[in-house]
Amino acid sequence: MRLRATLIGFTAILMWSFLALFTAASGKMPPFQLAAICFAIGSIPGLAVLVLNPARLALLKQPAKVWITGIAGLFGYHFLYFTALRNAPAVEAGLVAYLWPLLIVVGSALLPGERLRWYHLAGALAGLCGTFLIVGRNGIDFDGAYAVGYGAAFLCAFTWSGYSLLTRRFDAVSTDVVTGFCLATSILSFFCHLGLETTVWPATGFEWVAVAGLGLFPVGAAFYAWDHGVKNGDIQILGAASYAAPLLSTLILLLFGFAEPSWRVALACLLVTGGAVLAAQDMFRRKVPAQSAAE
């Protein structure tokens, strides 16, 4: 059960690795407009389940703290991330925001039944170093003039890590509620778009397909998979393995000709993969006795 849930959580990381490709192919739609449309699309599978099985509507009746945590996690993360990108260079803001996997691993020590070991932390730090090589391939220059943007990025990292850790505490809450989180995030993003942006629609059918792909997978199914994974799987392994997302994203961009191969990518592969394997020692150790018993 735990292994299966962890693997389901991995699929979220895999889907997030397509975020850059789909976003690049979606045209010039402003971020809040794109978020509003994508989260609306992302809620469709959950709505379909509720329509086909109306009895599951009862699962949406949850305490206010569950709804506040979910909406603050999904909408809060994206609001802060877009704010960071508007007020600081994308490279530096992205690197600060991507502290969230490390924060999940460290914060997991506060969860009931979890124990933080040196290899969890070492694996997460290796992944962070690999991410630094990918994100900062053209150099890093933190300028005090962008303090507001860096601050938003830092809050962004705390928001997503906090959401993930608190979600673990709500392990009895059905993943059906993610549908409500997506709908609320879509509505709030729509109002932010009206107040902050100029509407730009996709210019081609291909761009519409990319928008639909974003909504169905990285900004849709991924959140359902992540919810199930952090509630029922190994959250420390998932935290460390999350650093694979920017690496896989870069490899996908390489595959489609949007980026150039380099030694940084090769070294990042070693760091991220090695870090994930190191953090997953507990999983490997649990499998050995089971195999020995079978023999």
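Entry 1. I began with helix α10, which bends by about 40° at L214, with a proline, P218, following within four residues. I took the bend as the angle between axes fitted to the seven residues ending at a residue and the seven starting there. Helices here are DSSP runs (H or I, at least four residues), numbered from the N terminus. α10 covers residues 205–232, 28 residues in number, and spans 39 Å from first C-alpha to last, close to the 40 Å expected at 1.5 Å a residue. The expected span is 1.5 Å times one less than the number of residues.

Entry 2. I noted the ground rules: this is a predicted model, where local features need pLDDT of at least 70, side-chain atom pairs count only at pLDDT 80 or more, and totals for chains, interfaces and linings use all residues. Residues are numbered from 1 along each chain as its sequence is written, and side-chain values use heavy atoms, with hydrogens and water left out.

Entry 3. How many disulfides are there? I counted zero, taking a disulfide as a pair of cysteine sulfur atoms within 2.5 Å. C182 is in none, and its nearest cysteine sulfur, that of C38, is 11 Å away. C182 is buried, at 0% relative accessibility, while C129 is partly exposed at 44%. Buried means under 20% relative accessible area, exposed over 50%, and partly exposed in between (1.4 Å probe, protein chains only).

Entry 4. I checked L247, which sits in helix α12 (residues 244–255) and is buried at 4% relative accessibility. Its C-alpha is 7.6 Å from that of V265, 18 residues apart along the chain.

Terms used
Helix = DSSP H or I, 4+ residues; strand = E, 2+ residues; numbered from the N terminus.
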